Amino acid sequence: MTTQPNILFISLDTVRADVAYSGKYPGVERLRASGVSFTQAISSCPLTPVSHATVFTGLQPPRHGVRHLFREALDKRVPTLAERLSAAGYTTGAVVSCPGLNQWYGIDRGFDFYDDEIPLLPDGRDPLSVGDVKLRGLALKRAPVVVERATRWLQSLDGDGPFFLFAHFFDAHWPYEPPEDVGVEVANPYEGEIAYTDHYVQLLLRRIAEMGHDIESMLVVCFSDHGEDLAGWYPNDHAGDLGHPYEEGHGCLLFDATQHVPLIISGPGVPAGMSVDSQVRLVDIMPTVLDQLGLDPLSSDGASLTEFFAGGTGASREAYSETYFPQERAAASDDYPDLKALHAVRADGRKVIWEADGRQVWAYDLAADPHELGGRLLVSDEDA
């Protein structure tokens, strides 16, 4: 009988693809050197629970049921990757570090161990009662705690059968206040937070190796659920005074600043040091893992990425994204009552973004306008 590999998922919450792939972060670079980097991976939603639900179900938000920040839990009829791996003999554990992955959402289904403990907000409130994405970011497990608890769980295993560990790092989220300098030259505090996370990702990998687990024979999937709009720190930002004052980091917009994310896969049968520039999606992760393990596929809106492993090329895949957070933002205050849910499709070097009611539609030529600054309004209120 073939021994199945151990599996490690690393979620770098709130990390943009352009920053992750900047070459500044030694941990990310080691992962890239050991596997395949997908340079054009697209997230389904700029919200933590929605995007992670897509990763763990292989379904887009309309099918897995989580569409808002804190309105819906995962559809109980939808199987999760952890459930599938548990049925295949894996011991499953997760350490998550923000309110958006609380057990309430149902993403813990299939995990034998699911550590979602986080502190209260500085004012004493439960972060799950707060809809402000920036304020919720004050309640987090810092990277050292994620590594400590993940290590403790791994040490508790009896060694029989493979494990699946999901380690979620939330440090890059606002506020951008890196607790320590880890010796990486960065351009701003946001990048400092990523350097801090990267340092502890390396520590986690060392700890796993010290326990006797061969990292090279482990299936490792490193991704970000969404990026971050820094309101002018990067040329493709749109938030704040750049025209969208209601966008505070992420949640309301579907530009590449939040939707273009890193995705790195390494492990048995995965070529080392390969870069794939074809467009793929986070929704492709679950079918890829099942394919790599030789397990029967589940119904999915994605498709296995193993076709790219042979030559590093393949057809780009149409990517769908959505956000219903503008509805929640509008309901939270009277400042932006006209915000509407958005949908987007990115394909063939172009992107179309439209309001959920269809009253406004914008088109972007990403080759001519890579920062999405000159969208063409195809439909407006006057046309409706």
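Colleague: In which hand does helix 7 cross helix 8?

Modeller: Please note that this is a predicted model. In it, helix 7 passes helix 8 in a right-handed crossing.

Colleague: What describes two packed helices?

Modeller: Two packed helices are described by the angle between their axes and by the distance between those axes. Here, helix 7 (residues 143–156) and helix 8 (residues 189–210) pack at about 15°, and their axes are 9 Å apart. Angles under 35 degrees count as roughly parallel, so helix 7 is roughly parallel to helix 8.

Colleague: Which residues of helix 7 and helix 8 meet?

Modeller: From helix 7, A143, P144, V147, A150, T151 and L154 meet Y196, Y200, L203, L204, R207 and I208 of helix 8. By class, this contact has 10 nonpolar, 1 polar and 1 charged residues.

Colleague: Where does P175 lie, and what is the peptide bond from W174 to P175, cis or trans?

Modeller: P175 belongs to the loop between strand 5 (163–169) and helix 8. The bond from W174 to P175 is cis, with omega near 5°.

Colleague: Turning to backbone angles, what is the phi of D348, and is D348 buried or exposed?

Modeller: D348 is not a glycine, yet its phi is positive, about 55°. D348 sits in the loop between strand 10 (342–347) and strand 11 (350–355), and is exposed, with a relative accessible area of 76%.

Colleague: Is E372 buried or exposed?

Modeller: E372 counts as buried, at 2% relative accessibility. This residue, also other than glycine, has a positive phi near 55° and is found in the loop between strand 12 (361–365) and strand 13 (376–379).

Notes: Residues numbered from 1 in each chain as written. Predicted model: local features only at pLDDT ≥ 70, side-chain atom pairs only at ≥ 80, totals over all residues. Heavy atoms only, no water. Axes fitted to C-alpha atoms, helices over the stretch in contact; angles between N-to-C directions. Helix = DSSP H or I, 4+ residues; strand = E, 2+ residues; numbered from the N terminus. Parallel < 35°, antiparallel > 145°, perpendicular 65-115°, else oblique. Left-handed = near helix turned anticlockwise from the far one by under 90°. Contact = heavy atoms within 4.5 Å. Nonpolar A, V, L, I, M, F, W, Y, C, P; charged D, E, K, R; others polar. Buried < 20%, exposed > 50% of the residue type's maximum accessible area, 1.4 Å probe, protein only.
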